[in-house]
Amino acid sequence: MDYVLTGHGFASEVAAIVSAFRPNGKLIRAERPRAGECLAVGLSPGGKTASAAVFDCEEKKVEKFAPIYDNGEKAAKRAVIRAVYEALRERDGYKPPWGTLTGIRPAKLAAEMMDAGMTPEDAALRLNEEYQADEAKAGLAADVAVGQRAAGEPPPGGVSYYIGIPFCPSRCHYCSFASNPYAKDFADRYLAALEKELGFAAGYAAGRAVETIYIGGGTPSALSPEQIERLLTAAAERLPVANVREYTFEAGRPDTVTREKLTVMKRLGVTRVSVNPQTLSDATLARIGREHTAADFFRAFGLAREYFGDINCDIIAGLPGETPDDVARTAEGILGFSPENVTVHTLAVKRASLLKDAGSPLAAARDIADMLDFCHGRLRAAGMFPYYLYRQKNSPGAHENTGWAKPGFAGIYNARIMAETQTIIALGSGASTKTVRETPDGTRIERVFNVKNAEEYIARIDEMIERKRRGVVI
Ligand code: SF4
């Protein structure tokens, strides 16, 4: 779809709301409507009204207007989003479930409303009426805002650490992450660079409470037992691992989980692991290139349970070829193991994924809605509550990912990263450090990025450290 902007430059806001209607659509900026479909988005010269019109081969098909009630850019952006939303809603005959909410953290908005004194019910009503979110989604956002309080308040001045391991045993077809096939030598060189970055970044822990450590990926458990020992020992020598409230190690791929690795994790302070089947259908697992079976998950979970009382499992709704019944079977099967956390993802097909190229048939948005409804209802019935939620681009039906926990087991790191209430020092390739500071002008959030490519990260490790030295102020 082409788009034309007149009187403003809010291209990213226009792209965000268009993607709720056309998740994998391509937007091309043009000077004027031409052949094919075009969206023209304008602000009136006096700044009082936003307009959005859909053209088909230069002929105007739909036009909608949204008044701008306040001065300032924020109000103008909201009106632009509203006008585009109304125009595409009429054009497509479809209403995205999250309405005009385009951000990745809708529950943060609900939490802000509640911090300002609203009840969860009133916050949900406002998301429904003012932002056109479906009642169920608005209610879910408010429930998540309540649920994330279960993680407690972050300690004043505290920090958390994220350590990224960009290796996997094979590449899942839906993956867009810069993961690399595991190779011992490559991983050894990566760990050497990581140790160097950790040696520097551990300095931020001095005099502060380190609340959580999260080792994610990729698949950290793709490392050998010796490499896991090396990594966790390096962390234990530099960070107060014995005093952290939560220490997570993603053992995401069941085919990488062994007793030897779990023993090392337990001995060196890990308190929580993630073992992710995504689906319990062997046919789907083969179709998406996971290279493990449901039986591998059953074995890995049973083994992990011998060591850990806090385990997360991921489910993905919308995997190619899956029906709502498949997802229901997966949810029931996982709940049979009674994990403390279940994260229900919606498949997002990004440009860098093999699935994108394979053109595999994807689930319809309506089916994904049914899959999520079933999972959420079943998890509530099992006594779990939602405590973190985020949205991704390119998700069919513009749905969300939601983390659920048993009482007493809300993942603290997950709650912090979504609420953006704590500085998270992130290490490794593709890692993004986020500092959160209170200033006289309000909360200030700044980011410092590492390069995505693992070979580049190794080669440019001194530069990554220098970026932190210059950019991280906490
Ligand atoms: S395990 Fe995760 S990071 Fe690794 S290839 Fe699969 S989806 Fe990507």
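In this predicted model, helix α7 (residues 225-238) and helix α8 (residues 259-267) pack at an angle of about 10°, with their axes 9 Å apart. Here axes are lines fitted to C-alpha atoms, for helices over the stretch in contact, and angles run from 0 to 180 degrees between N-to-C directions; helices (H or I, at least four residues) and strands (E, at least two) are DSSP runs, numbered from the N terminus. The helices α7 and α8 are therefore roughly parallel to each other, on a scale where angles under 35 degrees count as roughly parallel, over 145 as roughly antiparallel, 65 to 115 as roughly perpendicular and the rest as oblique. From α7, Pro 225, Ile 228, Glu 229 and Leu 232 meet Glu 260, Lys 261, Val 264 and Met 265 of α8, where two residues are in contact if their C-beta atoms, placed from the backbone, lie within 7 Å. This contact of α7 with α8 divides into 5 nonpolar, no polar and 3 charged residues; Ala, Val, Leu, Ile, Met, Phe, Trp, Tyr, Cys and Pro count as nonpolar, Asp, Glu, Lys and Arg as charged, and the others, Gly among them, as polar.

Residues are numbered from 1 along each chain as its sequence is written. Because the model is predicted, local features need pLDDT of at least 70 and side-chain atom pairs count only at pLDDT 80 or more, while totals for chains, interfaces and linings use all residues.

On the α11 side the contact is made by Pro 324, Val 327, Ala 328, Ala 331 and Leu 335, and on the α13 side by Asp 367, Asp 370, Met 371, Phe 374, Cys 375 and Arg 378. By class, this contact of α11 with α13 has 8 nonpolar, no polar and 3 charged residues.

The axes of helix α4 (residues 120-131) and helix α5 (residues 135-147) come within 8 Å and cross at roughly 140°, and α4 and α5 are therefore oblique to each other. Among the residues that make the contact are Ala 123 and Leu 127 of α4, together with Ala 138 and Ala 142 of α5. The contact of α4 with α5 has 9 nonpolar, 2 polar and 1 charged residues.

We can now turn to the ligand. The residues around the ligand include Cys 168, Arg 171, Cys 172, Cys 175, Gly 217, Gly 218 and Arg 253, where a residue is near a molecule if its C-beta atom, placed from the backbone, lies within 6 Å of it. By class, the shell around the ligand has 4 nonpolar, 5 polar and 2 charged residues.

Two details of the backbone remain. Most residues other than glycine have a negative phi, and most peptide bonds are trans. The peptide bond from Gly 217 to Gly 218, however, is cis, with omega near 15°, and Gly 218 has its place in the loop between β9 (210-217) and α7. Glu 291 has a positive phi of about 55° although it is not a glycine, and Glu 291 is placed in the loop between α9 (282-287) and α10 (294-307).
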